[in-house]
Amino acid sequence: MTPTGTALRWLAVAVVVLAGALFVGLSVGPVSIPVRSIVLALVDRLPAIDVHSGLNARETAILLELRAPRVVLGAMVGATLALSGAAYQGVFRNPLADPYLLGAAAGAGLGATLAIAYRPFFGAVAPDAIPAAAFVGALAGVAAAYGLGRAAGGGRSPAALVLAGVAVASFLTAVQTWVLQRNSDTLREVYDWILGRLTTADWADVRLALPYMIVAGAALLAHRRLLDVLRVGEDEAAALGLHVARLRLTVVVAASLATAAAVAVSGLIAFVGIIVPHLLRLTAGSSYRRLLPLSVLFGAAFLVLADVVARTVAAPAEVPIGVITAFVGAPFFAVVLATSRRSIW
């Protein structure tokens with residue numbers, strides 16, 4: 001099969017898997033809703049179309065106001081984290097890189113912790129300051145890490161950026177721990193956020209994050225061919241005319257913006273940016289022209305299905321979705337680490 005035919009086959013598989021995951025997410029729950037009724041209810045929302053889905057008012061509200069925004073937001077977050085992870089792995093040429101590599105998680109965690117611990121002060125500025133504080137914190141963490149890494153020579157070596165990310169994340173985590181010690185009454189709420197949550201997802205969250213995810217995602221997809229050039233090595237890519245430092249800055253900014261938007265509305269959901277791109281690289285190939293678009297589709301499907309497990313495995317209680325992804329991702333990360341000597345680039 002030609003490379004184009006293989007790419008189209010993988011794209012078709014990804015679309016089918018995502019569609020299946022979306023229907024599972026919409027249908028499974030305490031109130032089971034048939035797939036046929038879901039399709040008819042969604043078609044009924046289209047302009048100038050009037051069909052009867054067979055659902056009563058309560059079931060329609062559950063589908064459109066509770067499950068639909070949760071499933072859509074989960075798909076958006078999963079797609080964003082997987083795409084950002086794949087982009088980070090490409091620009092740092094490291095299969096173990098993830099969207100939180102440069103301190104986005106630590107910055108978002110500190111921002112959310114400050115907003116929760118000092119809610120009265122933030123409340124005077126915005127009705128719900130947690131997403132905004134997490135978004136700003138994530139971007140600030142990445143900016144600090146990138147600035148420190150550049151000062152240490154990160155423009156020439158990605159290793160300096162990685163080490164700067166470790167240093168900044170450690171510092172921000174220490175500050176977060178100090179804030180939590182002084183505001184222990186907020187500990188439970190902070191950890192609920194840190195472990196990831198789609199429980200309270202609504203259409204306002206979707207509208208809040210969507211513009212950032214679209215812009216950043218389009219920028220990353222537009223650079224997928226340049227990431228393929230970078231696979232041959234930084235010196236070789238530079239000899240071919242690629243401005244490596246500029247590419248790294250562009251990818252880091254776009255991936256960080258997308259990650260910040262994701263964590264602002266969902267909390268910290270780990271391992272998505274490692275699991276999905278790495279599995280695709282092993283099965284569908286390592287070309288970023290194929291890897292990045294597939295990461296979007298399979299990442300969305302993965303997190304939607306993980307959320308289904310999170311809200312059903314201990315029903316009527318819910319398990320934080322970050323626990324589910326960590327339960328899958330931690331062993332996977334260990335296997336990847338143990339076999340990372342084998343080149344997959």
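Buried means under 20% relative accessible area, exposed means over 50%, and partly exposed lies in between (1.4 Å probe, protein chains only). By that scale Arg93 is partly exposed, with a relative accessible area of 36%.

This is a predicted model, in which local features need pLDDT of at least 70, side-chain atom pairs count only at pLDDT 80 or more, and totals for chains, interfaces and linings use all residues. Residues are numbered from 1 along each chain as its sequence is written, and side-chain values use heavy atoms, with hydrogens and water left out.

**Backbone**

Arg93 has a positive phi of about 50°, although Arg93 is not a glycine. Arg93 sits in the loop between helix 3 and helix 4 (104-117). Helices here are DSSP runs (H or I, at least four residues), numbered from the N terminus. Phe271 also has a positive phi, near 75°. Its place is the loop between helix 12 (244-266) and helix 13 (272-283). The peptide bond from Ala315 to Pro316 is cis, with omega near 10°. Pro316 lies in the loop between helix 14 and helix 15 (321-338). Most residues other than glycine have a negative phi, and most peptide bonds are trans.

**Aromatic pairs**

The structure holds three aromatic pairs. Rings of Phe, Tyr and Trp (its six-membered ring) pair if their centres lie within 6.5 Å; planes under 30 degrees apart count as stacked, over 60 as edge-to-face and the rest as tilted. Two of the pairs are shown here.

| Pair | Centre to centre | Angle between planes | Class |
|---|---|---|---|
| Tyr88 and Phe92 | 5.6 Å | 5° | stacked |
| Phe135 and Tyr212 | 4.9 Å | 50° | tilted |

Tyr88 and Phe92 both lie in helix 3 (residues 57-92), four residues apart, about one turn of the helix. Tyr88 is buried at 1% relative accessible area. Phe92 is buried too, at 6%.

Phe135 lies in helix 6 (residues 130-151) and Tyr212 in helix 9 (residues 203-222), so their pair ties together parts that are 77 residues apart in sequence. Phe135 is buried at 16% relative accessibility, while Tyr212 is partly exposed at 37%.

**Largest pocket**

A pocket is found on a 1 Å grid over the protein atoms alone: an open set of points with protein on both sides within 12 Å along at least five of seven lines, where lining residues have an atom within 4 Å of a point. The largest pocket holds about 340 Å³ of space. Of its 17 lining residues, the closest to the centre are Pro30, Arg67, Arg70, Arg311 and Glu318. Helix 3 gives the most to this lining, with five residues.

Key
Helices (H or I, at least four residues) and strands (E, at least two) are DSSP runs, numbered from the N terminus. On a 1 Å grid over the protein atoms alone, a cavity is a set of points where a 1.4 Å probe fits but cannot get out, and a pocket is an open set with protein on both sides within 12 Å along at least five of seven lines; lining residues have an atom within 4 Å of a point. Grid points are joined across faces, edges and corners, and a volume is the space filled by probe spheres set on the points.
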